[in-house]
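Biologist: I'm new to this one. Can you put it up and walk me through it?

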Amino acid sequence: MGMSVTISAAAEQDAEQIFRLQYLCFQSEAALYGNYRIAPLVQSLDSVRQEVAEDCVFVARLGDEVVGSVRGRITEDGTAAIGKLCVHPRLQGHGIGARLLKAAEAALAEERGAKTFRLEAGHRSESNLRLYSKVGYQRVGTSQGSDGVPMIVLEKKAESYATTA
């Protein structure tokens, strides 16, 4: 192929590709839970556009194609909530998800003052939980998604993001 995957901040024109990629990537999560109403599958394109405009959004590109994405925002308590990490199924397992996560962590800490990173993963999402553990996240609790899926809450102190980069 000869091209390498690059990570960069998302631009307004990336919203539609992010939307389509998210829908593709979260099919396996929906199947895992038997629930095709999970939040990433019912999110509107306008909502994705709004997140790209307001939040900290990074994409992985292979040429002009968006093949990965992650979003983060600062919550009211100053924690960085990271979510909707996805990588095209044909490119999973090559470290792209970890690279996206590190880019989001760096921007959220350096540009937006995050002290702690928090994310959630479905309790059956073993590959996601493995990735998060590998890059320094620790389980701190559980929650239930608005779609009814039991979630594991993971956190990492912002000062530790540099050690995983």
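Biologist: Let's start with Ser4. Is Ser4 buried or exposed?

Modeller: Exposed: this is a predicted model, and in it Ser4 has 54% relative accessibility. The cut-off for exposed is over 50%, so Ser4 counts as exposed.

Biologist: Where does Ser4 sit in the chain?

Modeller: In the segment before E1.

Biologist: And which residues is Ser4 in contact with, leaving aside neighbours within four places in sequence?

Modeller: Arg61 and Leu62. Ser4 and Leu62 are 58 residues apart in sequence. Their C-alpha atoms are 6.3 Å apart in space.

Biologist: OK, next the strands. How is E1 joined to E2?

Modeller: By five bridges, running antiparallel. E1 covers residues 5–9, and E2 covers residues 56–62. Thr6 stands opposite Arg61 in E2.

Biologist: How many of the residues in E2 are buried?

Modeller: Seven of seven, so E2 is mostly covered. Both of its faces are covered. One side has Cys56, Phe58, Ala60 and Leu62. The other has Val57, Val59 and Arg61.

Biologist: Which strand does E2 join through seven bridges?

Modeller: E3, residues 65–74, and the two run antiparallel. Phe58 has Val70 as its bridge partner in E3.

Biologist: What's in the hairpin of E2 and E3?

Modeller: Two residues lie between the strands. Gly63 takes a positive phi there, near 65 degrees.

Biologist: Going on from E3, how does it pair with E4?

Modeller: Antiparallel, with six bridges. Ile74 has Ala80 as its bridge partner in E4. E3 and E4 form a hairpin too, with five residues between them. Gly78 in that turn has a positive phi of about 85 degrees.

Biologist: Which residue other than glycine has a positive phi near 55 degrees?

Modeller: Lys84. It is found in strand E4, residues 80–87.

Biologist: What is the relative accessible area of Lys84?

Modeller: It is 24%. Buried means under 20% and exposed means over 50%, so Lys84 is partly exposed.

Biologist: In what sense do E4 and E5 pair?

Modeller: In the parallel sense, over two bridges. Ala81 has Arg118 in E5 as its bridge partner.

Biologist: And which strand do seven bridges join E5 to?

Modeller: E7. E5 is residues 116–122, E7 is residues 150–157, and they run antiparallel. Leu119 stands opposite Leu154 in E7.

Biologist: That leaves E6. How does it pair with E7?

Modeller: In the antiparallel sense, over six bridges. Gln144 has Pro150 in E7 as its bridge partner. Their hairpin has five residues between the strands. In it, Gly148 takes a positive phi near 90 degrees.

Biologist: Now Arg139. Where does it lie, and is it buried or exposed?

Modeller: Arg139 lies in E6, residues 138–144. It is exposed, with a relative accessible area of 56%.

Biologist: What is Arg139 in contact with, beyond its neighbours within four places in sequence?

Modeller: Leu129, Ile152, Val153 and Leu154.

Biologist: Let's zoom out. How many helices and strands does the chain have?

Modeller: Seven helices and seven strands. Along the sequence the pattern is β-α-α-α-α-β-β-β-α-β-α-β-β-α.

Biologist: Why does the radius of gyration agree with a compact globule?

Modeller: Because with 165 residues such a globule would have a radius of gyration near 15 Å, and the chain has 15 Å. The C-alpha atoms fill a box of roughly 40 × 40 × 30 Å along the principal axes.

Biologist: What share of the residues is buried?

Modeller: 47% of the 165.

Biologist: And what share of the contacts is between residues 24 or more positions apart?

Modeller: 63%, among contacts with a separation of 6 or more.

Biologist: Last topic, surface and charge.

Modeller: The accessible surface is about 8,700 Å², and 48% of it belongs to carbon and sulfur atoms. The chain has 19 positive and 20 negative side chains. The centres of the two sets lie 5 Å apart.

Note on methods
Residues numbered from 1 in each chain as written. Predicted model: local features only at pLDDT ≥ 70, side-chain atom pairs only at ≥ 80, totals over all residues. Heavy atoms only, no water. Helix = DSSP H or I, 4+ residues; strand = E, 2+ residues; numbered from the N terminus. Rg over C-alpha atoms; globule rule 2.2 N^0.38 Å. Buried < 20%, exposed > 50% of the residue type's maximum accessible area, 1.4 Å probe, protein only. Contact = heavy atoms within 4.5 Å. Areas by Shrake-Rupley, 256 points an atom, 1.4 Å probe, with all protein chains shown as cover. Lys, Arg positive; Asp, Glu negative; His and termini not counted. Charge placed at Lys NZ, Arg CZ, Asp CG, Glu CD. Pairing = 2+ DSSP bridges.
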